[in-house]
Amino acid sequence: MTDYSTLDWSVEERILTLTLDRAGALNSFTVEMADELVDAYRRASADDSIGAIVVTGAGRAFCAGMDLSAEGNVFGLDETMRPTPADLEEQLEDPAIVRGVRDTGGRVSLAVYDCTKPVIGAINGAAVGIGATMTLPMDVRLASTKARIGFVFGRLGIVPEAASSWFLPRIVGISRALEWAYSADILTAQEAHEGGLVRSLHEPDDLLPAAYTLARRFIEHRSPVGIALTRQMMYRNLAADHPLAAHKSDSLAMFHTSMGDGKEGVAAFLEKRSPEFTGRASELPEVFPR
């Protein structure tokens with residue numbers, strides 16, 4: 001894809017602004033938006049002109065959840081199928097499973113997880129259901145003082161999706177994650193901040209400038225390879241069952257970066273100048289087992 005129907009793609013000073021762009025429908029989520037988001041994150045990972053990603057919503061909402069006006073199964077799933085756990089183990093990439101069974105929000109979350117660039121959520125308004133859970137794989141979430149965030153699945157008789165049962169407890173702790181999921185309350189921006197879900201609160205006009213300032217701190221005079229490997233190591237090793245797993249990936253990452261951008265970093269430090277890194281995030285060394 002190069003053009004999107006539900007997103008706006010804009011790059012300036014190495015920062016990609018990815019805007020959910022269905023303002024007339026409060027940026028509600030559709031299968032098409034899911035497909036476009038997956039493509040956009042993969043495209044950004046492969047594009048070495050992009051250093052970081054800021055995700056926000058057009059108009060007054062971030063994302064008001066799934067578009068429930070769709071005909072048939074509103075979540076885009078194939079009700080003629082009878083999937084089992086074995087089907088997902090053995091046929092995860094089968095097109096029929098991908099389109100008819102796999103949660104659309106989860107495909108987006110996995111694309112964010114796999115992304116090689118820092119991802120910052122700038123939550124400008126309502127973020128409900130998938131609008132909330134799609135932000136969880138993002139590295140940092142900033143919110144407008146007018147934002148409202150809700151894990152409202154219990155109100156609809158469904159369950160938290162988009163791999164949020166993996167991400168949310170790691171961000172806010174298991175007890176708070178369960179409280180928010182059980183109650184299905186709409187949280188104020190202040191409540192989300194106090195609960196540790198968002199890093200900081202900003203007046204609406206200050207939200208994007210704050211996100212861009214943070215993005216520049218992440219990428220200016222930083223190695224794209226070092227940033228990409230750091231992101232992967234943090235997330236993957238968070239779920240490892242022993243620190244030995246981290247030691248293995250640390251060792252390989254240190255080995256490769258010490259021969260790449262690490263040489264420039266050391267030289268710049270000794271020469272008291274800013275480094276000029278040339279490594280590409282699109283060409284990462286292999287540090288994890290396949």
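Glu264 is buried, at 19% relative accessibility. Here, buried means under 20% relative accessible area, exposed over 50%, and partly exposed in between, with a 1.4 Å probe and protein chains only. Glu264 forms a salt bridge with Arg273, and the closest N and O atoms lie 2.7 Å apart. A salt bridge is a side-chain nitrogen of Lys or Arg within 4 Å of a carboxyl oxygen of Asp or Glu. Arg273 is partly exposed, with a relative accessible area of 34%.

The model is predicted: local features need pLDDT of at least 70, side-chain atom pairs count only at pLDDT 80 or more, and totals for chains, interfaces and linings use all residues. Residues are numbered from 1 along each chain as its sequence is written, and side-chain values use heavy atoms, with hydrogens and water left out.

Arg273 also meets Glu271 in a salt bridge, at 2.6 Å from N to O. Glu271 is exposed, with a relative accessible area of 51%. The structure holds nine salt bridges. Another of them joins the side chains of Glu286 and Arg290, at 3.0 Å from N to O. Glu286 is partly exposed, at 45% relative accessible area. Arg290 is exposed, at 90%. Elsewhere, salt bridges that share partners link Asp35, Arg99 and Arg107 into one network.

The overall fold was examined next. The chain has 13 helices and 10 strands. Helices (H or I, at least four residues) and strands (E, at least two) are DSSP runs, numbered from the N terminus. The radius of gyration is 20 Å, close to the 19 Å given by the globule rule for 290 residues, so the chain is as compact as a globular protein of that length. This radius is taken over C-alpha atoms, and the globule rule is 2.2 Å times the number of residues to the power 0.38. Along the principal axes, the C-alpha atoms fill a box of roughly 60 × 50 × 40 Å. Of the 290 residues in the chain, 44% are buried.

Two surface patches were identified. Patches are made of residues with over 30% relative accessible area and no salt bridge; like charges are joined within 9 Å, and nonpolar side chains (Val, Leu, Ile, Met, Phe, Trp, Tyr) within 5 Å. A negative patch comprises Glu179, Asp185, Glu191 and Glu194. Lys and Arg count as positive and Asp and Glu as negative, whereas His and the chain ends are not counted. The place of a charge is taken as NZ of Lys, CZ of Arg, CG of Asp or CD of Glu. Glu191 is partly exposed, at 39% relative accessibility.

A nonpolar surface patch is formed by Leu68, Leu156 and Ile158, with about 250 Å² of accessible area together. Accessible areas come from the Shrake-Rupley method with a 1.4 Å probe; for residues, only the protein chains shown count as cover. Ile158 sits in the loop between helix H6 (153–156) and helix H7 (164–172). Ile158 is partly exposed, with a relative accessible area of 32%. The loop between H6 and H7 also holds Glu161. Glu161 is buried, at 15% relative accessibility. Glu161 and Ser109 are 52 residues apart in sequence, and their C-alpha atoms are 9.5 Å apart in space.

Backbone angles were considered as well. Most residues other than glycine have a negative phi. Glu13 is not a glycine, yet has a positive phi of about 55°. Glu13 is found in the loop between strand S1 (7–12) and strand S2 (15–20). Glu13 is exposed, with a relative accessible area of 59%. His221, also not a glycine, has a positive phi of about 60°. His221 lies in the loop between helix H10 (207–219) and helix H11 (224–238). His221 counts as partly exposed, at 44% relative accessibility.

Helix H10 also contains Phe218. Phe218 is partly exposed, with a relative accessible area of 24%. Phe218 and Arg102 are 116 residues apart along the chain, and their C-alpha atoms are separated by 33 Å.
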